Amino acid sequence: MNHEMSIERLDRIEAILKSKKIQEFEIFFVEKSIYETIFLKDKTENQREISDFEYVIRILTQKENKTGIGVVKGNSLESTQIEKNIETCVLLSKINSSSKYDFPSKVNISPIITADKSILSDPLTIKKDLAEVLISEVNQQKDVVPTFLRFRLHSNHSFLRNSTDLKLDARKTYFFMEFSLKAQENGKLSEFWDSGYYKEKAHLNLHERVSSWARRAKDTLRAVEPKSSDNALVIFSPSVLKQAINPVIGLHALGISHAEKISRFNIGDVVASENITI
């Protein structure tokens, strides 16, 4: 990432905001770098380096004891497009109303680094070394073969700037893996396919993770369809349960759902076990 280029882009957006006489604004700008290796079976198929950016503009319109907040997301630095984004943001701030709110003032905060310094200094080498370990672990598994693997390293540099001279930035690095392992036995074929994001190198835990992938692929070969029954116990994995809580329980727990009489819950109902932790 080019720090100077990011500052230039921020300056460009801020200059246009000031030229439009916007009194209260905030810019959240993120530079993204992605380093990716894709494997077909256990051979490198493709390697990519991707650089991208995006920004969010917030504008406030004060209204007696309330504040209107406009929010617009953009990914173009063309002056005409930035101006259109600002116009839309101003319009939204005028038609929205919320609790009284002001942007925070300038404060002294140390740089925030939630990044691996070795990744910041040499991302390509880190990606290459970890991808080789990943393939090595996969090839050591018995009775399974890889069909597809994607290993990706992310490096983000975020900037926050507002009309009260607040200027902050933070760096973050993390990983993404997508994989598929195939098992075959007595004419039966199974495939385990999964993906996930991981914050630290230690979280990858490649030896244990690959062993778990292989075990799941082989276990699927022995899976049998359950007998038909009107009374069955269903066990959800934590990842599935996590995805279900917000859209299912969350909707019915909203005050607006209760007011509009679409909630299946009554106030005071117990909707889940007290042993569940989030």
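**View A. Arg 161 and Asp 11 meet in a salt bridge through their side chains, at 2.7 Å from N to O.** A salt bridge here is a side-chain nitrogen of Lys or Arg within 4 Å of a carboxyl oxygen of Asp or Glu. Arg 161 sits in strand β6 and Asp 11 in helix α1 (residues 3-19), so this pair ties together parts that are 150 residues apart in sequence. Helices (H or I, at least four residues) and strands (E, at least two) are DSSP runs, numbered from the N terminus. Arg 161 is buried, with a relative accessible area of 5%, while Asp 11 counts as partly exposed at 37%. Buried stands for under 20% relative accessible area, exposed for over 50%, and partly exposed for what lies in between (1.4 Å probe, protein chains only).

A word on the model before the next views. It is a predicted one, in which local features need pLDDT of at least 70 and side-chain atom pairs count only at pLDDT 80 or more, whereas totals for chains, interfaces and linings use all residues. Residues are numbered from 1 along each chain as its sequence is written, and side-chain values use heavy atoms, with hydrogens and water left out.

**View B. Arg 161 also forms a salt bridge with Glu 14, again through side chains (2.7 Å, N to O).** Here strand β6, with Arg 161, is linked to helix α1, with Glu 14, across 147 residues of chain. Both Arg 161 and Glu 14 are buried.

**View C. A network of salt bridges links Glu 36, Arg 48, Arg 150, Arg 152 and Glu 178.** Within it, look for Arg 150 and Glu 178, whose closest N and O atoms are 3.0 Å apart. Arg 150 and Glu 178 are both buried. The count for the model comes to 15 salt bridges.

**View D. Leu 134, Phe 151, Met 177, Leu 204 and Trp 213 touch the most other members of the largest nonpolar core, which has 27 residues.** Such a core is a set of buried Ala, Val, Leu, Ile, Met, Phe, Trp, Tyr and Cys residues joined through side-chain atoms within 4.5 Å. Among the elements that give two or more residues to this core are β1 (25-40), α4 (123-139) and α6 (206-221). Zoom in on Leu 134 and you will find it touching Phe 151, Met 177, Leu 206, Val 210 and Trp 213, leaving aside residues up to four places away in sequence. Contact means heavy atoms within 4.5 Å. Apart from this core lies another, of 19 residues, including Ile 27 and Phe 29.

**View E. Ser 93 reaches Thr 61 by a polar contact of 2.6 Å between their side chains.** A polar contact is a pair of N or O atoms within 3.5 Å; within protein, one must be able to donate a hydrogen and the other to accept it, and residues adjacent in sequence count only if both atoms are side-chain atoms. Ser 93 lies in helix α2 (residues 79-95) and is buried, at 0% relative accessibility. Its neighbours by touch include Ile 59, Lys 63 and Gly 68.

**View F. Ser 33, in strand β1, lies 6.3 Å from Asn 156, C-alpha to C-alpha.** In sequence, Ser 33 and Asn 156 are 123 residues apart. Ser 33 counts as buried, at 5% relative accessibility.
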